[in-house]
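Here is a briefing on one predicted protein model. Please look over its sequence and fold, then read the notes below.

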Amino acid sequence: RLAVGTNGQTLVADSTASTGLKWATPAAGGKILQVVQGTTTTSTTTNSLTYVDTTLTATITPSAATSKILCLVSQNFKNSRSSSSADGGSSIKLVRGATDIVTRGAPEVDLLYNISSATSTNTDFAMVTNIMYVDSPATTSATTYKTQGVVRFAVNSNQVTYQTSSSQSQIILLEIGA
């Protein structure tokens, strides 16, 4: 006969136990502890060669310093320029506080933009970029994640607009227990 376990325990096989079974507390790692979503439809345009905020942001307060944060970003944007024969493009990055985490851009964004416009007379190119990243902020303080964008070339009126025509971009933060 096996004694009753405590709340939260599960019954597991154990060949070293006299009954072949024992009560055990399940491992805590890998569980989703909380989900935070940030959205924006605010249109932001820049022609700067210096990164600027895109208005896409979300803040999460991890429950443990050992937690991981899974960052999922889906952001739409449009590159514009005055000449279809000139280079264009932009880059985007994910930032935690003041720390750069992930940068997307050349060659991914520039390559798509240049291929699309090199075979046509289009001077605009719209697309969605996605970022998926597991971060280890090592804190239990409120932590803000955001995206920033920049144009790759300062010629031919090159500019990038985020959330074109008030379309929605989003960032989802999932706290994963260690």
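**Overall build**

Among contacts (heavy atoms within 4.5 Å) between residues at least 6 apart in sequence, 78% join residues at least 24 apart. The model is predicted: local features need pLDDT of at least 70, side-chain atom pairs count only at pLDDT 80 or more, and totals for chains, interfaces and linings use all residues. Residues are numbered from 1 along each chain as its sequence is written, and side-chain values use heavy atoms, with hydrogens and water left out.

**Composition and surface**

- The protein has 12 strands and 1 helix. Both are DSSP runs, numbered from the N terminus: helices are H or I with at least four residues, strands are E with at least two.
- Along the sequence the pattern reads β-β-β-β-β-β-β-β-α-β-β-β-β.
- Of the 178 residues, 35% are buried. Buried means under 20% relative accessible area, exposed means over 50%, and partly exposed lies in between (1.4 Å probe, protein chains only).
- The accessible surface is about 9,300 Å², and carbon and sulfur atoms hold 52% of that area. Areas come from the Shrake-Rupley method with a 1.4 Å probe; for residues, only the protein chains shown count as cover.

**The four-stranded sheet**

- An open sheet is built from 4 strands in the order β5-β10-β7-β8, with antiparallel pairing. Two strands pair if DSSP finds at least two bridges between them.
- Its edge strands are β5 (52-60) and β8 (99-104), each pairing on one side only.
- Neighbouring strands of the sheet are turned by 20° against each other on average, direction ignored. The axes are lines fitted to C-alpha atoms, for helices over the stretch in contact, and angles run from 0 to 180 degrees between N-to-C directions.
- β5 pairs with β10 (residues 143-151) over 6 bridges, in the antiparallel sense. T57 has K146 in β10 as its bridge partner.

**Salt bridges**

- The whole structure holds 4 salt bridges. Each is a side-chain nitrogen of Lys or Arg within 4 Å of a carboxyl oxygen of Asp or Glu.
- D53 and K146 form one, with the closest N and O atoms 3.2 Å apart. D53 lies in β5 and K146 in β10, so the pair ties together parts 93 residues apart in sequence. D53 is partly exposed, at 38% relative accessible area.
- D135 and R96 meet at 2.6 Å, N to O. D135 is in β9 (residues 124-135) and R96 in β7 (residues 90-96), so this pair ties together parts 39 residues apart in sequence. Both residues, D135 and R96, are buried.
- K22 and D14 form another, at 3.6 Å between the closest N and O atoms. K22 is partly exposed at 37%, whereas D14 is buried at 16%.
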